[in-house]
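User: Could you walk me through reading burial and salt bridges in a model like this one?

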Amino acid sequence: KRYHIDPYESGFLQALAFVTFNAITEQKLINRTQKAFSPDSIKNDNDVMINLFGKLEIYTSKGVITEDEISSPRITRFLVYMLLHGKYPVPPRTILEQIWPEEDVESANTKIKSLAYRLQNVFAVVSDSRLIISTLRGYQLNPDLNIMTDIQEFEKCWRQAQSAITMQAKLELLKKATEIYHGNIYDAASSEHWLMPHELSYKYKCIEIYIDMVRTYFDVQDYANAQKYASLALLIDKANVDAYYWLIRAKRQKDSLSMAKGELKLAEHVLSTEEYAELLQKLENTKDLEI
């Protein structure tokens with residue numbers, strides 16, 4: 001409004017305004033995301049926040065219940081299973097077959113009904129509502145409650161990062177996702193068959209996020225952060241070829257060829273013969289690194 005601009009030259013200002021608007025919007029999104037998954041975000045009695053990564057924790061407006069306080073592996077397994085299967089009803093027989101396949105399915109109705117009752121007695125300490133309800137089609141999460149999990153927040157950060165316009169916004173969202181990931185889903189049952197597919201899915205998604213961050217930091221020559229997140233990926237999967245590839249390249253750029261060769265020597269002992277050959281091939285294809 002203040003300056004008269006030639007119509008043929010206004011395209012640049014329009015583009016600049018568009019980029020600025022989106023950058024500000026993304027920063028607001030980042031700020032909201034950073035505050036999104038904390039007990040302080042609970043606004044009313046219908047909000048329930050549940051952490052599944054690592055140890056189970058349940059937050060409501062009236063307090064918190066921890067896995068140790070529930071002190072029943074069967075109740076916590078039942079709850080985690082229901083949370084992983086969303087808002088749809090699950091028949092008692094299916095629940096028993098999935099979590100405890102060695103038990104008699106003929107008594108499924110009685111056993112699951114007992115677990116739901118005991119879970120409600122625990123949940124009643126921090127809420128006047130039922131966490132899991134019984135329907136004609138089975139048991140399900142109470143649709144009247146706003147139940148949020150750290151897994152959902154992890155997924156949201158990851159999805160938003162894929163469509164981020166600025167590199168800073170993308171990195172902030174990916175970093176937030178890795179901060180939410182505190183290890184295996186419900187670590188107490190991490191090796192059990194019913195939970196393992198979910199556990200592996202998020203484990204490798206977190207590694208994928210780390211590698212994406214490493215690649216981005218490397219592109220802007222921030223080799224310290226590239227090295228940091230490659231190392232974090234190796235803490236989750238000590239035999240990850242991509243993590244070794246980027247760690248060796250980052251060390252070569254930041255420190256010295258000798259340190260990069262040291263990591264390569266370590267990789268030789270950790271990786272299988274085929275994986276090590278793959279790593280060597282990837283490094284040989286990289287023109288800025290001598291082997």
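Analyst: Gladly! Start with burial: a residue is buried under 20% relative accessible area, exposed over 50%, and partly exposed in between, using a 1.4 Å probe and protein chains only. Here, Lys282 is partly exposed at 26%, and Asp242 is partly exposed at 32%. This is a predicted model, where local features need pLDDT of at least 70, side-chain atom pairs count only at pLDDT 80 or more, and totals for chains, interfaces and linings use all residues. Residues are numbered from 1 along each chain as its sequence is written, and side-chain values use heavy atoms, leaving out hydrogens and water.

User: How many salt bridges does the structure hold?

Analyst: A salt bridge puts a side-chain nitrogen of Lys or Arg within 4 Å of a carboxyl oxygen of Asp or Glu. The structure holds 14 of them. One joins Lys282 and Asp242, at 3.3 Å from N to O. Lys282 sits in helix 12 (residues 273-284) and Asp242 in helix 10 (residues 241-254), so this pair ties together parts 40 residues apart in sequence. Helices here are DSSP runs of H or I with at least four residues, numbered from the N terminus.

User: Which residues are linked with Glu103 in a network of salt bridges?

Analyst: Arg74 and Lys111 are linked with Glu103 in that network. The Lys111 and Glu103 side chains meet at 2.9 Å, N to O. Glu103 is buried, with a relative accessible area of 19%, while Lys111 is partly exposed at 28%.

Definitions and conventions:
Helix = DSSP H or I, 4+ residues; strand = E, 2+ residues; numbered from the N terminus.
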